[in-house]
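Please look at the structure before reading on.

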Amino acid sequence: MSANDQQPDLPPDYYRTNFHTLITFVDDTYGELLSLDERVWLTTIRQCSKAAQFLYIRLLLRKAMAFRQSRLDYPEIDDLPAAAQELAATTLASNIAPEALPIILSCYTRPELEKLLDIKRFKALPRADLVDTLNADDSDQHRAILQEADQWISVAGHEKWLVFSLCFFGNPYQNISEFVLRDLGVVRYETYSIDQASRVFKSRDQIDAHLQCFEIAALFDIVDDRDADALLELATGLPKRYARDINLCRRIDRLRNRIARQLERLNKADAALSLYRLSERPPSRERQVRLLLAQGDVRDAAVLCDRMLALPLNDIELQFAVRTLRKIAIAENRSVKPQPRFQPQLTRLSLHRGAGRVEQVARQFYLRFGECYEVENSLINSVLGLFIWDIMFMPVSGAFFNPFQSAPADFSEPDFIRARQTAFDKRFKEYDAPECFRNRVLSNYRSKQGISNRMVHWEKLTESLLMLSLERIPVADWRVMFQRALADMRENRKGLPDLVLFPESGGYEFIEIKGPGDALQAHQRRWMQFFHTHNIPCRVVHIRWSREKTSG
């Protein structure tokens with residue numbers, strides 16, 4: 001949405017409406033999984049007056065827990081003290097001043113503290129240092145003065161709200177602001193089916209396992225990462241895996257890998273190995289091999305590499321296994337067939353330094369040879385997303401559990417293809433009918449314009465770029481590029497070239513731009529090698545800055 005576009009005005013009670021939409025959905029969908037305390041919390045909110053609900057929801061959605069009533073001002077609440085008093089008469093809030101001095105101090109400005117307290121001797125201190133000093137002093141007198149200087153309200157129920165948010169969004173990252181972005185037209189979402197059969201949680205234990213996982217993830221970010229015992233305690237607290245809950249398994253394994261990697265850095269190799277062995281997520285097996293080799297256990301390292309070679313989880317594992325087995329063979333003086341290192345086609349270019357990024361300067365240079373667009377990861381992914389749009393959003397159990405998803409929950413998992421195999425098999429037949437392929441992509445581009453899709457980069461995919469790409473890039477090339485992207489949606493959507501050039505003479509070419517001192521990354525090299533294998537035109541251009549006349 002441009003700065004000139006008018007955004008719709010939200011009604012003054014929009015946040016209450018959105019809040020009730022969320023809690024009602026969770027009540028209808030997961031009612032039997034809610035605890036007694038959570039049901040009481042829900043009932044209590046519904047029984048409050050509108051004004052009390054306004055105040056409670058406003059404060060619940062803020063980061064702080066305690067508030068001074070004089071600092072609160074909400075136009076939709078006519079009598080805020082009365083609303084606060086109503087809440088205080090329930091389990092939703094308290095009008096008793098907080099006891100913890102740090103919380104009390106956080107509610108006052110520097111001028112207010114100077115006015116209320118005798119702190120002239122600390123006048124030169126910045127506010128942060130002043131607060132630290134007052135906290136260290138922990139004066140009962142200061143506490144009492146600040147407590148009595150205002151009327152207070154502290155809201156309760158944050159842990160219940162966390163459960164409801166998790167059940168609605170299925171993750172800890174999205175929040176109720178999604179409603180606002182949608183209502184303002186900032187983000188639009190596809191329409192898809194969400195029903196009782198598609199709910200993501202089937203048991204209360206499953207919900208609690210997710211909550212436990214989120215708590216440990218938060219603790220990992222604040223724990224002393226030099227304390228191996230603390231890290232091991234976090235790992236011990238991880239919940240058990242639920243075989244049918246892909247999201248939970250992914251989160252648990254991601255945490256195991258992070259904790260194990262930090263244990264590696266602390267030279268706790270055995271503990272790290274034990275954790276990696278419990279994880280089924282890359283780079284678990286790669287890290288195990290590295291640790292085994294460091295310990296001199298070549299046999300077990302080779303056995304694990306053989307497993308990776310037989311059934312790789314992604315291209316990274318496959319290449320690592322091949323490379324490591326080769327190194328082991330060389331170390332054991334076994335004959336090894338020479339394998340020349342892949343070298344992409346390389347061009348060196350001297351250009352005048354421009355005001356923009358190196359990719360923008362290079363694009364301006366290549367515009368003299370034809371149409372040139374800066375695309376990076378946007379073009380191939382976007383066309384694939386348009387081609388399989390309806391398959392991405394088709395009803396699959398557990399794939400959609402809130403109306404704010406730009407992709408199904410299993411989008412980055414191997415099950416994404418397997419759960420929709422029949423639809424994919426039918427769709428892939430359109431590769432043999434180029435017009436069907438192009439028409440489907442163009443039709444979805446026009447009918448789905450602006451709707452959020454994790455694959456489609458609307459801001460970069462102009463109609464002129466799409467039309468030229470469909471005209472110049474053969475369907476056979478789209479087919480193999482899509483096959484690689486779909487083989488590992490998490491890894492293979494990255495590392496694609498910066499530019500696509502459509503020369504005046506016809507055809508097309510991908511160009512990866514590297515500025516001074518920059519080099520190809522591993523995932524970029526893998527795409528380059530793939531392009532080379534399938535005769536897809538691509539090269540790397542190394543740019544150097546020159547004061548001389550531009551040459552190529």
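Axes are lines fitted to C-alpha atoms, for helices over the stretch in contact, and angles run from 0 to 180 degrees between N-to-C directions. The model described here is predicted.

**A pair of helices**

Two packed helices are described by the angle between their axes and the distance between the axes. Helix α3 (residues 50-60) and helix α4 (residues 80-88) have axes that come within 8 Å and cross at roughly 85°. Angles of 65 to 115 degrees count as roughly perpendicular, and α3 and α4 are therefore roughly perpendicular to each other. On the α3 side, the contact is made by Ala 51, Ala 52, Leu 55 and Tyr 56. On the α4 side, Leu 80, Ala 83, Ala 84, Glu 86 and Leu 87 take part. Sorted by class, the residues in the contact of α3 with α4 are eight nonpolar, no polar and one charged.

**The sheet**

An open sheet has five strands in the order β5-β10-β9-β8-β6, and its pairing is mixed. Strands β5 and β6 (370-374) stand at the edges with a single partner strand each, so one side of each has no neighbour in the sheet. From one strand to the next, the twist averages 30°.

| Strands | Sense | Bridges | A bridge partner pair |
|---|---|---|---|
| β5 (residues 346-351) and β10 (residues 538-545) | parallel | six | Leu 351 and Trp 545 |
| β9 (residues 509-514) and β10 | parallel | five | Ile 511 and Arg 539 |

Helix α18 (residues 358-366) lies across β5, β6, β8 (499-503), β9 and β10, and runs at about 170° to β6. Helix α24 (residues 463-472) packs on the sheet, where it touches β6 and β8, and its direction makes about 65° with that of β8.

**Nonpolar cores**

In soluble globular proteins, nonpolar side chains tend to be buried together. Which residues have the most contacts inside the largest nonpolar core? They are Leu 379, Phe 437, Trp 478, Phe 510 and Phe 531, in a core of 58 residues. Helix α25 (residues 475-487) gives the most to this core, with seven residues. Leaving out residues up to four places away in sequence, Phe 531 touches Ile 380, Met 481, Leu 496, Pro 497, Phe 510, Ile 536 and Cys 538. Another core, of 50 residues, lies apart from the largest one, and Ile 23, Phe 164, Phe 179 and Ala 409 are among its members.

Definitions and conventions: Residues are numbered from 1 along each chain as its sequence is written. This is a predicted model: local features need pLDDT of at least 70, side-chain atom pairs count only at pLDDT 80 or more; totals for chains, interfaces and linings use all residues. Side-chain values use heavy atoms; hydrogens and water are left out. A nonpolar core is a set of buried Ala, Val, Leu, Ile, Met, Phe, Trp, Tyr and Cys residues joined through side-chain atoms within 4.5 Å. Buried means under 20% relative accessible area, exposed over 50%, partly exposed in between (1.4 Å probe, protein chains only). Helices (H or I, at least four residues) and strands (E, at least two) are DSSP runs, numbered from the N terminus. Contact means heavy atoms within 4.5 Å. Angles under 35 degrees count as roughly parallel, over 145 as roughly antiparallel, 65 to 115 as roughly perpendicular and the rest as oblique. Ala, Val, Leu, Ile, Met, Phe, Trp, Tyr, Cys and Pro count as nonpolar, Asp, Glu, Lys and Arg as charged, and the others, Gly among them, as polar. Two strands pair if DSSP finds at least two bridges between them.
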